[in-house]
Amino acid sequence: MRVLELDNVVGGYGDTQILHGVSMHVDAGEIVVIIGPNGAGKSTAMKAVFGLLKLTDGSVLLDGEAITNTPPEKVVRHGVCYVPQTGNIFPSLTVEENLEMGAYVRVDDFKPRLKEIYEMFPPLLEKRQQAAGTLSGGQRQMVAMGKALMLEPKILLLDEPTAGLSPKFRGEIFETVKKINRAGTPILMVEQNAKQALGIANRGYVLVDGKNRFEGTGKELLNDPEVAEMFLGGGKQSHKTGKA
Amino acid sequence: MAEFINFYLIPGLILGSIYALGAIGITMTFGILRFANFAHGETMTLGVYIAWSLVQLTGIKSLVPILLVLMPVSMMLTIMIVLLIDKAFYKPLRASPVIILVIASFGLMLMIRSVTQFSWGVQLKTILPGIQPRINLLDFLSFPLKHVFIVGGALLLMYAVHHVLTYTKIGKAMRAMSDSPELARLTGINTENVVMATWVMGAGLACAAGVFLAVDTQVDTMMGFKILLPMFAAAILGGVGKPYGAMAGGLVIGVAEELSSYHWIGDGPLLNPGYKQGIAFAIMIIILLWRPTGLFKGKSF
């Protein structure tokens, strides 16, 4: 079943067009990863779903219904949650208050969900009364994801959840993403650490210059020599990937 | 010792409580609406004149009913006016650059002041006429009974603010939006409701602070503007966007202003009382240079 679909999306900020026709979809139960060089429009494609930029063409469909150019505060109410790369927690609020804010649009009792989130992220239970801003980078990401999950979203959008984290925490975050997905939430994720991300993904898209360049299953992309040369061999990954 | 407490420390605490109440509104407006509200002092003045009119209308002349009945009514009326002002002036500018909002608030400051002066005249008035009873304690403490009510009322209101911010959904959303308006929007927080709650809190407290000041001194069309600077200083000292910081900052500034004219060295006052307000300004400058985020780590500019 198709949860989210971007159909030939065109748009940008102001007069600057960044997306020149991006198409992708996420099916129920999937982890889908967007990779690509800097400035390829990865994060922008994700923001397009969330109504954070003006789309001049194409459409965004959630469960088959158009949500193109819906403002973010309404997209949330449709059951889409977005975790930005930075500034994704309320630092002066406690961990628990952050999670409560995640449930802001819920009108029913969210206490059972809060318990589930603490079960999913045990370190957060310990620190629930602590200001979220005092937590370590990895734990902040947990707060950010937990906050988004409070809504029991139809789909979770993660923008570079491992950015700026040490390799140890990076692994932890990828494990967490897998865990969230196993619990039933489809995930669309932008990642710099392409190799690790494709390793846990069902499918992936490679964007270049605001357009689709390659797509395939995680494995296919990992084994594609062209993709490997362009994205898996460069940057931080080089010492690990060797000659792919 | 008695002189120090009766004539410097206690008046300092009174002034500090008044600054604190006013500064909460300034800091919350700065945190949530992202601009320095120059019209905050005028909101205070307006609230006082509404209270003064209610006193004339009802003929109530004693402190307790003024504070318990007329003040809450004036607070509500002030809040309603401020919400209308927000709808008419600030709402169309919501997405504008900060400087436009600041200048808009400056314009509103002049407009509200003119309307106040036009409607009520510029002569000094009193809310609480006559000689007020004093309390004498332990042979040396002596202060007017009204000071007990002012400090008590201010503490009660600050506790109410604390309760709202800590235990209610809208209060937590206010703190969240003060932390990050962008994330608040992404989280689905109804930012317009939060903005309204901010005006309600700010205007209500400004009116209360004004009435306390009027009960302690006089009613004057410039009274709010005169304490705008100390209130800004209190908000900056406490950390912009931090309501508890504003409370602490207000008390510190109020006490510092009064203590500055105590004869610490020799017989004369350390600082001529005419320069009292300069203390608030000096503290503000020192804080901005030395610790721009304030005592409670607020936003820096």
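A salt bridge here is a side-chain nitrogen of Lys or Arg within 4 Å of a carboxyl oxygen of Asp or Glu. By that rule, the side chains of Lys172(B) and Glu100(A) form one, at 2.4 Å from N to O.

Before I go on, some ground rules. This is a predicted model, where local features need pLDDT of at least 70 and side-chain atom pairs count only at pLDDT 80 or more, while totals for chains, interfaces and linings use all residues. Residues are numbered from 1 along each chain as its sequence is written, chains are lettered from A in the order in which they are written, and side-chain values use heavy atoms, with hydrogens and water left out.

Now the interface. Contact means heavy atoms within 4.5 Å, and 24 residues of chain A are in contact with 19 residues of chain B. The size of an interface is often given as the accessible area lost when the parts come together. We take that loss with a 1.4 Å probe and sum it over both parts. For chain A and chain B the buried area is about 1800 Å², with 59% of it on carbon and sulfur atoms. On the chain A side, Phe90(A), Met101(A) and Tyr104(A) lose the most area to chain B, together 36% of what that side buries.

How many salt bridges cross this interface? The rule finds three. Helices, as DSSP runs of H or I with at least four residues, are numbered from the N terminus. Helix H2 (72-77) and helix H3 (95-102) of chain A each supply at least two residues of the side that touches chain B. That side divides into 14 nonpolar, four polar and six charged residues; Ala, Val, Leu, Ile, Met, Phe, Trp, Tyr, Cys and Pro count as nonpolar, Asp, Glu, Lys and Arg as charged, and the others, Gly among them, as polar.

Over all chains the structure holds 16 salt bridges. One of them joins Glu96(A) to Arg128(A), with the closest N and O atoms 2.8 Å apart. This pair links distant parts of the chain, 32 residues apart: Glu96(A) is in helix H3 of chain A, and Arg128(A) is in the loop between helix H5 (122-126) and helix H6 (137-149).

Last, Ser59(A), which is in strand E4 (residues 54-62) of chain A; a strand is a DSSP run of E with at least two residues. Beyond its neighbours within four places in sequence, Ser59(A) is in contact with Glu5(A), Leu6(A), Asp7(A), Val9(A) and Thr68(A). Ser59(A) and Ala40(A) are 19 residues apart in sequence, and their C-alpha atoms are 19 Å apart in space.

Notes: Buried area is the accessible area (1.4 Å probe) that two parts lose on being put together, summed over both.
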